[in-house]
Amino acid sequence: MIPSATKILAGYAFIARRYGFAPEFDDEALFAALRLAVELSADERDETAALFFTLARPSVFGQGWRVMARTIAGAHAAKLGQAIGADVATLDALANKIAEGGATYP
């Protein structure tokens, strides 16, 4: 199940402090991203990718958008007994491509 905005934001201040960025976010963009993640997920196995895809945008988490997309997707994958098989540099490159409109979900 896609996590709620409340659950995501509960740990956001900690993550922002840990990585040294301001914990800014746009609640409307976050709600829209989570709704889209639900729509994109055919089933539970798709949720991690859908979360990463929809959260990999600066409009949602400001300076921390890459960290948050990686962290939320990674935590969700772990919760489902999955793992993301890519390193930080690869995920950040993919996040950049998504944010620039150069990647589609499929």
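**Working chat on a predicted model**

Biologist: Where is glutamate 100 found?
Modeller: Glutamate 100 is in the segment after H7. Helices (H or I, at least four residues) and strands (E, at least two) are DSSP runs here, numbered from the N terminus. This is a predicted model, so local features need pLDDT of at least 70 and side-chain atom pairs count only at pLDDT 80 or more, while totals for chains, interfaces and linings use all residues. Residues are numbered from 1 along each chain as its sequence is written, and side-chain values use heavy atoms, with hydrogens and water left out.

Biologist: Is glutamate 100 buried or exposed?
Modeller: Glutamate 100 is exposed, at a relative accessible area of 68%. Buried means under 20% relative accessible area, exposed means over 50%, and partly exposed lies in between (1.4 Å probe, protein chains only).

Biologist: How far apart in space are glutamate 100 and alanine 73?
Modeller: They are 19 Å apart, C-alpha to C-alpha, and 27 residues apart in sequence.

Biologist: And leucine 94, where is its place?
Modeller: Leucine 94 belongs to helix H7. Its relative accessible area is 38%, so it counts as partly exposed.

Biologist: Turning to charges, how many salt bridges does the structure hold?
Modeller: There are two salt bridges. The term means a side-chain nitrogen of Lys or Arg within 4 Å of a carboxyl oxygen of Asp or Glu. Side chains of opposite charge can pair when their charged atoms come close.

Biologist: Which side chain does aspartate 92 meet in a salt bridge?
Modeller: Aspartate 92 pairs with arginine 70, at 2.5 Å from N to O. Aspartate 92 lies in helix H7 (residues 88-99) and arginine 70 in helix H6, so this pair ties together parts that are 22 residues apart in sequence.

Biologist: Why does arginine 70 count as buried?
Modeller: Arginine 70 counts as buried because its relative accessibility is 15%. Aspartate 92 is also buried, at 17% relative accessibility.

Biologist: What else is arginine 70 in contact with?
Modeller: Leaving aside neighbours within four places in sequence, arginine 70 is in contact with Phe52, Val88 and Leu91, as well as Asp92. Contact means heavy atoms within 4.5 Å.

Biologist: What about the salt bridge of aspartate 43?
Modeller: The side chain of aspartate 43 meets that of arginine 45, at 2.6 Å from N to O. Aspartate 43 is partly exposed, with a relative accessible area of 30%, whereas arginine 45 is exposed at 64%.

Biologist: New topic. How many residues are in the largest nonpolar core?
Modeller: That core has 30 residues, and those with the most contacts inside it are Phe52, Leu55, Phe61 and Met68. Elements giving two or more residues to this core are H1, helix H2 (12-19), helix H3 (27-40), helix H4 (47-55), helix H5 (58-61), H6 and H7. H6 gives the most, with six residues. A nonpolar core is a set of buried Ala, Val, Leu, Ile, Met, Phe, Trp, Tyr and Cys residues joined through side-chain atoms within 4.5 Å. In soluble globular proteins, nonpolar side chains tend to be buried together.

Biologist: What does methionine 68 touch?
Modeller: Not counting residues up to four places away in sequence, methionine 68 touches Ile8, Tyr12, Ile15, Phe21, Phe61 and Ala73.

Biologist: Which residues does alanine 37 touch?
Modeller: With residues up to four places away in sequence set aside, they are Ile2, Ala50, Leu51 and Thr54. Alanine 37 is in helix H3 and is buried, with a relative accessible area of 0%. Its C-alpha atom is 4.8 Å from that of alanine 50, 13 residues away along the chain.

Biologist: Lastly, how much space lies in the largest pocket?
Modeller: The value is about 220 Å³. On a 1 Å grid over the protein atoms alone, a cavity is a set of points where a 1.4 Å probe fits but cannot get out, and a pocket is an open set with protein on both sides within 12 Å along at least five of seven lines; lining residues have an atom within 4 Å of a point. Grid points are joined across faces, edges and corners, and a volume is the space filled by probe spheres set on the points.

Biologist: Which helix gives the most to the lining of the largest pocket?
Modeller: H6 does, with six residues. The lining includes Met68 and His76.

Biologist: Is histidine 76 buried or exposed?
Modeller: Histidine 76 is buried, at 4% relative accessibility. Its contacts, leaving aside neighbours within four places in sequence, are Met1, Ile2, Pro3, Glu47, Thr48 and Leu51.
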